Amino acid sequence: MEQSFREKIVEEISLQFPCRETIIRKLYQYYGTGDPFPPAIYMYGHTSTGKSSVLESLFSRLDGIRYVVLNTIGAYTNKIFFETIAQELQDHLLSSANNYSYSRKLEYMKDFLAELRKLEPAFSYVIVLENAERLRDMDHNVLPMMLQLPEATGLNISVVLVSSLPFEKYYTRTGLPPLIKLFVPEYTRDDIQRILMNDYEKIKLDACDRTNFCDLSPSEQAKRSSLVEKTLTKEFYANYVNIFLSTFWKVCRDVKELQLVANECFVKYYEPVLEGTIDAQDAMKLWRNISKVMRSALSTIYMRMGMVSQQDVPVRLAQNIELPYYAKYLLIAAYLASHNAAKEDKRLFMKNHGKQKKRLQTVNARAKVVEKMATQLGPKPFSVDRLLAIFYAIIDEKVGLTCNLLAQIPTLMHLKFLTCSTGESSTLEGSSRLQCNVGLDFIVQIGRMVGFNVRQYLSDFV
C-alpha cells in the first residue's frame, strides 16, 4: 500500500515536471519514506531547471511536514532571515493584530535556535533556501549551523540549499559538515520538445475555443471545428515545435518562457490553415509565413510584450527600457561579436586594416540569401575579451576599464540580453563565453539612440 502511494506521488509530480523523474525519486527517498531527514542537501544546477518548483510540489504533497521556501536575496539581514523562517515554520501569520511583525526579535543564532526548539516535535520540518550562495555574505556561523540543525535543535529538520553554482565553487571555508549534493542538469533539446508536446491537448482545446468564439455562422463554426480536428494532429504540432526550437533553442533555455512564446506564435502559425490559405501539409509555406513573427518574438523574449508587429518592436522596447550609456555600447558590441566571425574583426573595426580587393568570388560569397545570413542564423558565443575589444573599437571616447564598466555585463545578463553559454559562475573568467539574445531591429534602434550605425559593422551588410 505504501509502495503504491509512493509511486502515485512520484508519478503525479513527474507529470507536472517532465524529464525530472530521477530527481523526484531521490528527493522522495530522502523525505517521503518516514526515515529521519538528512541534515542538509545541496541542490544545484542551471537557472530555470525546476529545482524550487519540484521541491515545493513534493513537500506540499507529503503529510506531517511543515516547510518554508525563502529567497535569501530578500533576507539580507540576520533578523529578516531568522524571523521569516521561524514565523513560517510556526504558521505565524502577520496581521494588523500583531502590527505585521514577529513577536520576538531574532538577531542572533542562539535566539534563532532557541525559537526552533519550541517547534512541535510531532511534525517534521524543511527549510528551502533559494540563491543559497548569499549565505556566504552573512555572519560566519550561519552556514555551518544551518547544516547541522537536527543536532542543535533535536528536531527532524532539514535544510535544502538551492543554487546555480557548484558547492565547491564558492564555499572555501573549512570545517563544514558533509552534505548530500544533488545536481539538476539542464534540459536538453529533446527534453524541451517533450515538455512542449505535453501542451498539445491544451493547444488543441484553445484552438477549438477560438473557433467557437469567432463571429461566424453556426455552419462556418462547425466547418472550422471539423478542420481543427482534421488538421491539428500531434504530428502537425510536433513539426511546429521542431521549427520553433530551431529558432529559439540557442537563445533561451527557460521552459516557462519557451512555453509562453510557443503558445503565442502557434496562433499565428495555425491561422492560415484555419483560413484555408495554406495547406496544413505545406510545412515550407507555413515556416515562411511565421518566420517574421518568430524573429519579432525573438527580440521581445523575456519582455512580456506579447505579439507585436515587427515594425513596432524597436520603438516599444526603446520606450520601455532605459540602459546606461556605456551599457548600450556594450550591448551593441555583444551583438556584433555574436553575429560577426572573429576573423572579420580586423576588417570591420581597425581603421588601417588595408584595402580588400573585391574579387568575384568574394562578391558572390556575400550575395547571401536571407536564410543564410549570420543575423538570421542565430547568435554565436564569444569571449569577454573579444567583447571589450569591440567595445573600445566602436566607442569614440577614451573609457577606463573600471569596475563600473565591467558591472554593466552582469546587468545585461540579468536583463536576459546576454547569456553565459558556458554556465560559468563568473562572467569575467577567461573561459567564460557569452552570447547576445536581442534581434537586429532592436539593436539597430539602440544604435540610433547613441548615434551608431550598427549595419555598417555587420559582415552581412558590408
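## A buried charged pair

Glu344 and Arg347 are both buried in this predicted model. The two form a salt bridge, with their closest N and O atoms 2.7 Å apart.

## Other salt bridges

The count of salt bridges comes to eleven. One of them joins Arg66 to Glu120, whose closest N and O atoms are 3.8 Å apart. Arg66 sits in strand 2 (residues 65-71) and Glu120 in the loop between helix 5 (109-116) and strand 3 (124-130), so this pair ties together parts that are 54 residues apart in sequence. Arg66 is partly exposed, at 22% relative accessibility, and Glu120 is partly exposed too, at 41%.

Glu115 also pairs with Lys118, at 3.6 Å between the closest N and O atoms. Here Glu115 is buried, at 2% relative accessibility, while Lys118 is exposed, at 56%. Elsewhere, Glu7, Glu21 and Arg25 are linked in a salt-bridge network.

## Nonpolar cores

The largest nonpolar core has 42 residues, and Leu331, Ile332 and Leu336 are among those with the most contacts inside it. Helix 16 (325-339) and helix 23 (440-450) are among the elements that give this core two or more residues. Helix 16 provides the largest share, ten residues.

Beyond its neighbours within four places in sequence, Ile332 touches residues including Ile394, Ile443 and Phe452. Another core, of 38 residues, lies apart, with Cys208 and Tyr270 among its members.

## Cavities

How many cavities of 30 Å³ or more does the structure hold? There are two.

How values were computed:
Residues are numbered from 1 along each chain as its sequence is written. This is a predicted model: local features need pLDDT of at least 70, side-chain atom pairs count only at pLDDT 80 or more; totals for chains, interfaces and linings use all residues. Side-chain values use heavy atoms; hydrogens and water are left out. On a 1 Å grid over the protein atoms alone, a cavity is a set of points where a 1.4 Å probe fits but cannot get out, and a pocket is an open set with protein on both sides within 12 Å along at least five of seven lines; lining residues have an atom within 4 Å of a point. Grid points are joined across faces, edges and corners, and a volume is the space filled by probe spheres set on the points. A nonpolar core is a set of buried Ala, Val, Leu, Ile, Met, Phe, Trp, Tyr and Cys residues joined through side-chain atoms within 4.5 Å. Buried means under 20% relative accessible area, exposed over 50%, partly exposed in between (1.4 Å probe, protein chains only). Helices (H or I, at least four residues) and strands (E, at least two) are DSSP runs, numbered from the N terminus. Contact means heavy atoms within 4.5 Å. A salt bridge is a side-chain nitrogen of Lys or Arg within 4 Å of a carboxyl oxygen of Asp or Glu.
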